[in-house]
Amino acid sequence: MKEADVLAIKVRTLELEAQLKAAINQEQSMKESLNFLIGRDIHLPLEVADSIHKVDFSFTGFNSVNNRADVLAMQYGMEARRLMKKSDAFSFAPRINAFALYNMYDADLGGFDADSYMFGIHLQWKLFNGGKNIGKFNKSKAAFHKSEIEYKEYLDKGNMELLQAQRDIAVNESQLITYKTAAEQARESLRIRTNRYKEGMERTSDLLMAEATSAENELKHLNAIYNYNISVFRYELLSSESTQYTNN
């Protein structure tokens with residue numbers, strides 16, 4: 001074996017060792033971050049899967065977020081502010097209370113030959129609270145108008161994110177197919193070059209290049225699976241509908 005080939009092998013070995021150390025460090029950092037997010041001691045062990053698979057998925061035709069729980073919550077909040085505005089509008093009207101009184105009496109104990117009754121209406125209107133009522137009404141009106149704008153913006157943003165998630169799935173699925181084919185071809189090329197190298201028909205540098213290309217394409221394929229799965233999970237999260245229960 002030539003000295004240049006030996007040096008090339010050493011360089012490739014050092015590259016792989018450096019990549020392995022970086023991967024181990026990243027794995028440990030992810031374990032600590034995940035433990036922190038779920039409220040556990042960061043030093044507790046976590047088992048990391050050594051494989052990844054494409055999740056099963058099919059579009060359900062869901063293309064709106066109107067019935068999502070968070071959107072419904074904003075809608076209910078907007079309706080509550082509308083009712084508050086309506087309630088404050090009634091503060092300009094006078095208050096009317098009706099009352100009635102009925103008496104039964106007699107000269108003899110237990111007698112009911114005489115009676116009387118009275119009824120009337122009590123009208124109350126605070127004229128000097130007009131400025132206060134106007135201010136209160138304008139405040140609730142502004143709050144309702146603000147909630148309308150926030151709800152519309154939130155709804156539009158949610159629908160936009162949902163459409164983007166649908167496109168991301170299509171793009172990531174296309175990339176997944178491409179990188180899968182590239183990984184298979186690179187794997188086959190490495191197999192052929194390995195056999196040729198054993199027979200003395202291939203240079204060491206070409207074999208190392210084929211091995212590096214194959215490893216790179218395998219990594220791209222795995223990353224494409226990861227991106228596809230993430231886009232599917234994101235779509236499922238954005239398209240989740242709220243389950244409403246009615247009490248009979």
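Tutor: S214 touches A186, R187 and L190, leaving aside residues up to four places away in sequence, where contact means heavy atoms within 4.5 Å. S214 is found in helix 4, and with a relative accessible area of 6% this serine is buried; buried means under 20% relative accessible area, exposed over 50%, and partly exposed in between, with a 1.4 Å probe and protein chains only. This is a predicted model, in which local features need pLDDT of at least 70 and side-chain atom pairs count only at pLDDT 80 or more, while totals for chains, interfaces and linings use all residues. Residues are numbered from 1 along each chain as its sequence is written, and side-chain values use heavy atoms, with hydrogens and water left out.

Helix 4 spans 204-238, and the protein has four helices and two strands, which are DSSP runs numbered from the N terminus (helices H or I, at least four residues; strands E, at least two). From the N terminus on, these elements follow the order α-α-β-β-α-α.

A nonpolar core is a set of buried Ala, Val, Leu, Ile, Met, Phe, Trp, Tyr and Cys residues joined through side-chain atoms within 4.5 Å. Helix 3 gives the most to this core, with seven residues, and among the core's 17 residues L162 and Y235 touch the most other members. L162 has Y235 among its contacts, together with others including F62, V65 and L238, not counting residues up to four places away in sequence.

A pocket, on a 1 Å grid over the protein atoms alone, is an open set of points where a 1.4 Å probe fits, with protein on both sides within 12 Å along at least five of seven lines, and lining residues have an atom within 4 Å of a point. The lining counts 28 residues, of which A23, Q26, M30, L219 and L222 lie nearest the pocket's centre.

For the protein as a whole, buried residues make up 18% of the 248 residues.
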